[in-house]
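Open the structure in your viewer and keep the selection tool ready. The tour goes from one selection to the next.

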Amino acid sequence: MANVKKLILVTAEHHPYHKQWVDMSKELAESLGVELEIKIEDYVFAIEHGVTDEFGMAGLPQLLVELADGSIKPLLHEIPLDSNFQLDFQAAKTLAIEKIKKDQF
């Protein structure tokens, strides 16, 4: 299991699911017992450390993890869909925990 120092959510308040990303990130940080840092529209940080498209641009929101060695890795940049094609934030939390346990960043 990865030695997680903190979670970092890079988000935009105008995003339609901003509140859900914040709530999910808070719950995930609490369950892992780590700090949550929220960055608002920090595109430079997201481009440097997060997932980017073929043009080098980062979409928001993105949840990243800072490890004990100081490295920052992307954890979630999209939310899985449920059987009704709705965003499933519970499945996203489960996926994030699995990635951390298996060191799959």
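Select strand E1 (residues 4-11) and strand E3, which pair in the antiparallel sense over six bridges. Strands (E, at least two residues) and helices (H or I, at least four) are DSSP runs, numbered from the N terminus, and two strands pair if DSSP finds at least two bridges between them. Within E3, Gln62 stands opposite Val10.

This is a predicted model, in which local features need pLDDT of at least 70 and side-chain atom pairs count only at pLDDT 80 or more, while totals for chains, interfaces and linings use all residues. Residues are numbered from 1 along each chain as its sequence is written, and side-chain values use heavy atoms, with hydrogens and water left out.

Leu76 in E4 is the bridge partner of Leu63. The two strands E3 and E4 form a hairpin with four residues between them; click on Gly70 in the turn, where phi is positive, about 95 degrees.

Finally, move to helix H2 (residues 43-49) and pick Ile47. Ile47 is partly exposed, with a relative accessible area of 32%.

Definitions and conventions: Buried means under 20% relative accessible area, exposed over 50%, partly exposed in between (1.4 Å probe, protein chains only).
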